[in-house]
Amino acid sequence: MTRDLQFDASGGLTHLLTLEGLSRQTILEILDTAESFIAVGEREIKKVPLLRGKTVVNLFFEPSTRTRTTFEIAAKRLSADVINLAVAASSTSKGETLLDTVRNLEAMRTDLFVVRHAESGAAHLIAQHTPPHVHIINAGDGRHAHPTQGLLDVFTIRRHKGAFENLKVALIGDILHSRVARSDIHALTTLGVQELRVIAPKTLLPTAVEKLGVRPYTDMRAGLADVDVIMMLRIQRERMQGAHIPSEQEYFRVYGLTPDKLECAKPDAIVLHPGPMNRGLEIDSAVADGPRSVILPQVTYGIAVRMAVMAMILGGREDTPGRRA
Amino acid sequence: MRTDVDIEAALGRMAEGLGVFSARNPLMIGIHTGGVWVAERLRRLLGLQEALGSLDISFYRDDFTRVGVNPEVKASNLPVNVDNRHLILVDDVLHTGRTIRAALNEIFDYGRPASVTLAVLIERDGRELPIEAQVVGAHMRLARHQHVKLLGPEPLSLAMQEVSAREDGA
């Protein structure tokens, strides 16, 4: 269902809801396009006229400053007009449904919605109910997916480590609740890394996680042995109501990425984190701010990756006369 | 199909025509892909020391909403600040003028040059914008459905293509 929904009749990307169903070729095409947008961000005038006249609505039903900001900057660097809506604070509290909110914005001639929602499947539901000229990018839905984060993570890995097939990658932390983990796993298995491990206490690992094509470890040092890439996940305090971890101190002692645990990985291993970081819970400041960290470059790359996705989704759609010359 | 244009002679004419600009310490910029090849040859013929600039105008095309983004787009590379510099913008074929329009827009996103001189290997008919080259290697008169394309980089050669009238919206 989702697969059909993401592509138009000629096979072009029309929504980005999940990385499931995206071919290796499509993912590489997005990464290549993002590469060319990096240069735009390094210029004095960081703007190209590709999406001039397009309207992008950042529709955030769940707060997120960084993701919203990077989508906003990406759209503005493409010359689109951007409106930010934090909906939790407005209409839904008056009883308006998700689809009513979207239909109202559609009537204002929105071309692209960037949707963040606490419910899994929210972006998918909107995509099912919008006309073909309206496009959706999922900016995180519940525990389901965060496809642009997955793409920027693999973009970061490719930039710093090169070919995927030679890499051992470890994903560490709250695998159970993490949409970032799910998108990262889809991207990395599709791109064909040599080995993908997940490291977490049993309570934070989904049952039968091996079916996703990963090797689970509960011993962090064993899991880190010989890896090239360490991807930390945020421990989501707001999703920690149950007894998933004994205490924050105990979690940090066993699963926090400290300089001495980092020693178990390859000497040139890089460290990623999708942010916002809980320093002293899943990651030690000495690692987060250390030489192996690519956490801030991830933020920079995130803009180029989101520009690429927006340009691919909104470009090449009008059947107007005119020729390339 | 071949053309009867002598590329080496055309490059020689361009270098001659550009000679008067040499005194202004020009910065040469080629448009991807053919324009970069031509610019590199001219740079050597004129003995310019400075590295070449290159532009990929994909992000400035006026038909983006129809054709979409090209994943093979190369990053534009202007090695030095263009502010107050005399630029020589080089392309392989001047046809509709739309590529040059896009290139000028992109250049002005990098800065404010003192002047821009347009030099093209082939000037053909079919202009849709009020844009003309100051320096031309060779002129060609072609029918609407005929296209000329530069192949390279070594050796440079010209190929003629026939496009069906339906595809050709120009």
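I began with the domains of chain A and found 25 Å between the centres of domain 1 and domain 2, taken over C-alpha atoms. The model is a predicted one, and I read every value below as computed from it.

**Entry 1. Domains of chain A.** I looked up the bounds: the domain assignment gives domain 1 as 2-146 + 300-314 and domain 2 as 147-294. I then examined how the two domains of chain A meet, and found 26 residues of domain 1 in contact with 22 residues of domain 2. On the domain 1 side that touches domain 2, helix 2 (24-41), strand 4 (135-141) and helix 12 (295-314) of chain A each supply at least two residues. By class, I noted 13 nonpolar, seven polar and six charged residues on that side of domain 1.

**Entry 2. The largest nonpolar core.** Which residues have the most contacts inside the largest nonpolar core? I found I172(A), I230(A) and M310(A), in a core of 138 residues. Helix 12 of chain A gives the largest share of this core, 13 residues. I place the core between domain 1 (2-146 + 300-314) and domain 2 (147-294) of chain A, because both give residues to it. As general background, I recall that nonpolar side chains tend to be buried together in soluble globular proteins.

I next listed the contacts of I230(A), leaving aside its neighbours within four places in sequence.

**Entry 3. Chain A as a whole.** I recorded twelve helices and nine strands in chain A. Its radius of gyration is 20 Å, close to the 20 Å that the globule rule gives for 325 residues, so I take chain A to be as compact as a globular protein of that length. The C-alpha trace of chain A spans about 60 × 50 × 40 Å along its principal axes. Of the 325 residues in chain A, 46% are buried. Among contacts in chain A with a separation of 6 or more, I found that 76% are between residues 24 or more positions apart.

**Entry 4. Chain B as a whole.** I turned to chain B and recorded four helices and seven strands, in the order α-β-α-β-α-β-α-β-β-β-β along the sequence. Along the principal axes, its C-alpha atoms fill a box of roughly 45 × 35 × 30 Å. Buried residues make up 41% of the 170 residues in chain B. Of the contacts in chain B between residues at least 6 apart in sequence, 68% join residues at least 24 apart.

**Entry 5. Helix 4 of chain B.** I checked the length of helix 4 (residues 98-110): its 13 residues should span 18 Å at 1.5 Å a residue, and the end C-alpha atoms are 19 Å apart, which agrees. I listed its buried residues as R98(B), T99(B), I100(B), A102(B), A103(B), E106(B) and I107(B). Against what do they pack? I found strand 1 (27-31), strand 2 (53-55), strand 3 (86-94) and strand 4 (115-124) of chain B.

**Entry 6. L121(B).** I located L121(B) in strand 4 of chain B. Is L121(B) buried or exposed? I count L121(B) as buried, because it has 31 C-beta neighbours inside 10 Å, and the cut-off for a buried residue is 20 or more. Beyond four places in sequence, its contacts include A10(B), M14(B), V38(B) and D92(B). I also noted that the C-alpha atoms of L121(B) and R13(B) are separated by 9.3 Å, the two residues being 108 residues apart along the chain.

How values were computed:
Residues are numbered from 1 along each chain as its sequence is written. Chains are lettered from A and ligands numbered from 1 in the order in which they are written. This is a predicted model: local features need pLDDT of at least 70, side-chain atom pairs count only at pLDDT 80 or more; totals for chains, interfaces and linings use all residues. A residue is buried if 20 or more other C-beta atoms lie within 10 Å of its own, exposed if 12 or fewer, and partly exposed in between; C-beta atoms are placed from the backbone. Two residues are in contact if their C-beta atoms, placed from the backbone, lie within 7 Å. The expected span of a helix is 1.5 Å times one less than its number of residues. Domain bounds come from an automatic or database domain assignment. Ala, Val, Leu, Ile, Met, Phe, Trp, Tyr, Cys and Pro count as nonpolar, Asp, Glu, Lys and Arg as charged, and the others, Gly among them, as polar. A nonpolar core is a set of buried Ala, Val, Leu, Ile, Met, Phe, Trp, Tyr and Cys residues joined through C-beta atoms within 7 Å. The radius of gyration is taken over C-alpha atoms; the globule rule is 2.2 Å times the number of residues to the power 0.38.
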